Amino acid sequence: MSDDLDDIQAIFFEECAEGLATAEAGLSAMADGDVSAGTIAGVFRAVHSIKGGAGAFGHAALTAFSHRFENVLDEVRAGRIEPTPGVTRVMLTAFDVLADHVAAAQGTSPLPNDAAVAAALDQVLADRGVAEAAPVAPAPVAPASEPVAVEPDPFGFEPVTAIVEPFDPFGFEPVTVTLDLLDDAGPVVADEPLPWTVTFVPSDAALANGGEPMLIVRELEMLGGTITGVDLSRLPSLRDLEPEHAYLGWTISVPGTVDESAIGECFDFVAPESIVDIVRDVAGDAAPAMPSPAPAAVEIAPVVAMTVPTLIATPLAAPAPAAAAATTPVAAPASVSATAPVAAPVIAMPVAAPAARPARPDEAEAQRTHEVAAQTIRVDLTKLDMLLNLVGELVIRGSILADRLSPKDQERVELPQLSRLTREIQDTVMSLRAQPIKQAFSRVPRMLRDLSAETGKQVILETTGETTEVDKGVIEKIGDPLTHMIRNAVDHGIESAEKRLAAGKPVQGTIKLSAEQKGARIFVRVADDGGGIDRARVRAKAVEKGIVAADAVLTDEEIDQLICAPGFSTAETISNISGRGVGMDVVRSNVEALGGRVEIASVPGKGTTFTMVLPLTLAILEGMIVRLAGQRFVLPLANVIETVQPEPGQVRPTTTTGEVIELRGNYLPVRRLTRTFGFADNDAQTPEESLVIIVESETAGHVGLMVDTIDDRREVVIKSLDQNLHPIRGLGGATILGDGSIALILDIEALVGPSAPLTRYPQKGLAA
Amino acid sequence: MSSTQASDERKIVTFSLGEQIFGIDMASLIEIREWDEPTPLPGVPSYIKGVTNLRGTVVPVVGLAERLGWTPSRIHARSCILVVNVDGKQAGFLVDEVADIVLIKDSEIRPAPDVEVGEPSVIAGLVKTTSRTIEAAQGSADGIMVLLLDLDALALTRQLDLAA
């Protein structure tokens with residue numbers, strides 16, 4: 001049981017992570033000036049979901065804080081708080097604290113001190129209070145001041161006794177009414193607002209639809225509500241009881257100080273067809289259902305009955321029902337006139353069944369789209385891998401089968417269809433694992449805000465290539481290295497404002513975060529425009545720490561790499577950010593564990609670029625199948641410039657081992673990969689018997705590779721070698737060809753780049 | 001270890017490597033497959049014969065004899081690959097011939113003396129079995145000696161070597 005609960009909790013935290021990412025993206029967009037309703041509603045929904053889940057799991061601090069945050073967001077959403085830069089800033093800070101709260105609930109960090117932010121949020125709300133005095137949208141409410149003089153009117157007026165009857169699904173914008181009425185009620189409504197009576201009768205199907213009513217009731221309790229009555233009338237005899245049906249209804253009294261919209265939000269995710277009435281109690285009278293003929297004061301006490309505004313959180317919802325109400329003004333007019341004298345004290349906002357009907361298809365549609373957007377399932381990655389492997393096998397068996405058929409049978413339509421279907425399955429499975437690297441990048445803006453606050457350095461972030469799709473496993477593992485790289489860039493890269501001014505640079509530093517795919521590798525770069533690596537200082541520090549000998553002869557690149565040495569840190573004081581001597585060391589070990597490498601390029605005075613070169617595990621690669629000493633290899637097409645069939649004398653030796661090819665007047669180096677790999681020597685082979693493929697590499701420019709032949713050109717599935725072995729320099733992985741045999745994928749950068757020993761990775765495991 | 005066995009019993013699969021009979025725990029065994037020339041890898045020690053395709057997964061094939069410091073196995077008709085899983089990593093071991101699957105008792109395992117296999121620590125112990133095939137082959141009536149291979153140690157020792 002507790003395991004189940006833990007599982008559900010785990011899902012909740014995953015959802016929190018997603019919610020936080022959504023909220024952050026939205027808030028960032030707001031900070032950049034996008035204050036569209038959709039953006040704000042997105043942030044609101046994210047925070048609201050976190051609150052809901054937190055309440056269900058009893059994370060009190062998280063619930064309380066997210067509730068506060070949500071209040072402000074709701075006001076912004078409703079247009080009562082202007083999302084000024086100041087407000088957005090407060091919300092960004094609140095977001096950071098919210099993230100800390102989530103982490104605290106997860107037990108991964110201590111409970112944050114949210115007092116300052118909570119106060120700031122309250123202040124934002126308080127400021128709204130002033131603005132609120134001016135009616136925001138009085139138009140639909142105008143008739144409300146004379147409730148008795150009701151003609152058939154866009155809104156149906158109903159006796160208050162009708163409130164508890166089931167209404168059809170209907171959503172509307174109730175808030176403006178309430179506020180205005182309250183304002184009008186001025187002297188009558190006492191300092192202490194009258195409590196709300198909330199009637200909630202979940203639909204039969206609430207449980208089946210996942211709209212657990214208990215969660216909603218608890219949420220209301222969280223707002224200070226008390227259950228004053230339970231409607232058992234629908235409860236059947238025990239024998240007829242369907243465990244999946246919801247039979248109960250509740251009457252809940254919520255303190256009048258609670259904003260009505262806050263109550264409404266509790267029902268944001270309520271199942272369709274449920275009944276929700278929110279009624280402001282008539283002065284002193286706990287039973288609004290039986291109002292006595294009214295004194296003037298009571299006349300304007302607002303009663304708002306609404307039915308299941310499931311979509312209240314979506315901006316779509318409000319206009320649809322409103323329009324419906326306007327075009328169908330017949331809502332129960334008879335009862336209005338008949339009961340008007342009695343019902344005078346009460347204004348029942350929403351409309352009776354007939355009016356609501358026309359809105360339903362729209363609403364249902366809106367809801368469906370809403371659900372489609374949210375329909376995801378969580379799958380264990382290993383299951384996806386297994387599926388992918390099996391599909392790969394299917395492809396291979398399919399082609400073996402095809403080979404065994406006679407040519408006539410091969411041409412039959414079934415076989416091509418089968419292979420097309422198989423390929424589609426393969427593509428689909430593959431796409432399941434690929435995720436935009438945005439997910440890893442999304443935590444950077446917040447980090448920069450924190451770092452800016454801590455260091456006083458102003459930093460602008462420029463991000464490119466966020467949509468680069470990377471295997472999910474890689475995305476999950478680059479989070480930590482990325483964090484360290486960004487910290488390092490702010491702490492050590494970007495200079496202080498004075499230094500920057502003195503160097504003639506803008507005060508604000510710039511960090512460029514980018515991702516791109518090149519062949520079988522993903523390049524994630526963090527480039528700062530700071531002072532560059534102070535090599536003399538790095539060297540001195542390394543000598544002091546005993547990492548290198550005092551008389552070691554080091555190239556600039558070797559000195560730069562010292563930054564990644566374990567226990568190296570040049571920070572003068574141990575700051576909160578870096579300086580604990582683990583940062584870049586962690587980056588290197590994490591990246592190497594992924595089968596990647598870290599490259600450092602630094603120009604004194606101009607800045608430093610750290611590049612994580614990562615494998616694209618499980619990605620597809622377009623490649624050329626070439627033969628080297630008879631063995632098949634995959635050459636990533638992205639690297640290929642052209643293919644040359646050398647004429648006699650076109651390839652000439654330069655040194656004992658070096659060769660060049662003359663190409664349109666230029667000389668390019670030529671490598672024999674068989675020699676690089678130490679395979680059976682084919683030095684005897686003359687260049688004329690071979691093909692030279694000109695490849696482009698980032699570090700070495702254009703280089704010719706000598707291969708025996710080109711077999712084919714096709715898309716291959718990259719399989720990592722380090723899953724069971726270890727990364728091998730020069731190889732980007734392996735793939736399984738149509739006949740079930742394995743071809744190794746060449747990593748051109750590593751092969752033609754600055755020479756390095758072929759195996760320099762730590763070797764582990766059985767086959768190490 | 002399978003739950004159907006008594007707690008002090010275990011199944012081992014025995015195989016021959018040169019003159020010796022080895023055994024590994026059945027629990028680690030994924031499958032036994034025929035020898036199929038693996039795809040050679042560049043820049044790896046010679047005992048790594050290459051990689052092969054195990055249902056879509058790339059699995060290294062290790063010449064166990066060389067890995068233990070002996071002369072490489074000669075490939076013949078009964079050569080096969082034992083695919084094992086240790087610590088979530090899979091590897092195939094080239095062995096000369098798979099002999100049998102036998103049930104042994106933990107109490108029958110004797111600690112390994114310093115046998116000459118290059119890396120003594122990879123032998124978890126010695127056990128006598130009455131394996132039909134091997135018995136027939138060696139004409140021994142009272143069972144033959146099986147060297148139990150410690151796969152964890154086999155993986156670990158190599159790391160230590162590299163650290164040194």
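In chain B, where is confidence lowest, and where is it highest? This is a predicted model, in which local features need pLDDT of at least 70, side-chain atom pairs count only at pLDDT 80 or more, and totals for chains, interfaces and linings use all residues. Residues are numbered from 1 along each chain as its sequence is written, while chains are lettered from A and ligands numbered from 1 in the order in which they are written.

Start with the confidence score. pLDDT is the predictor's confidence in each residue, from 0 to 100. In chain B, the lowest mean, 53, belongs to helix H2 (residues 132-138). The highest, 91, belongs to strand S3 (residues 29-34) of chain B. Helices (H or I, at least four residues) and strands (E, at least two) are DSSP runs, numbered from the N terminus. Chain B averages a pLDDT of 78, and 77% of its residues score at least 70. The model scores ipTM 0.81 and pTM 0.45.

Now look at chain A. It has 25 helices and 23 strands. Of its 768 residues, 42% are buried. A residue is buried if 20 or more other C-beta atoms lie within 10 Å of its own, exposed if 12 or fewer, and partly exposed in between; C-beta atoms are placed from the backbone.

Take one residue of chain A. Cys564(A) sits in the loop between helix H22 (556-562) and helix H23 (583-593) of chain A. Cys564(A) has 19 other C-beta atoms within 10 Å, so it counts as partly exposed. Leaving out residues up to four places away in sequence, its contacts (C-beta atoms, placed from the backbone, within 7 Å) include Met584(A) and Val598(A). Val586(A) is 22 residues away in sequence, and its C-alpha is 7.8 Å from that of Cys564(A).

Move to chain B. Six of the seven residues in strand S4 (residues 48-54) are buried. S4(B) pairs with strand S5 (residues 57-63) of chain B in the antiparallel sense, over six bridges. Strands pair if DSSP finds at least two bridges between them. Ile48(B) stands opposite Val62(B) in S5(B). The hairpin of S4(B) and S5(B) has two residues between the strands, and there Arg55(B) takes a positive phi near 45°.

Val62(B) also touches Phe93(B). Phe93(B) and Leu149(B) have the most contacts inside the largest nonpolar core, which has 79 residues. Such a core is a set of buried Ala, Val, Leu, Ile, Met, Phe, Trp, Tyr and Cys residues joined through C-beta atoms within 7 Å. A second, separate core has 38 residues, including Leu513(A) and Val591(A).

Technical notes: Contact = placed C-beta atoms within 7 Å.
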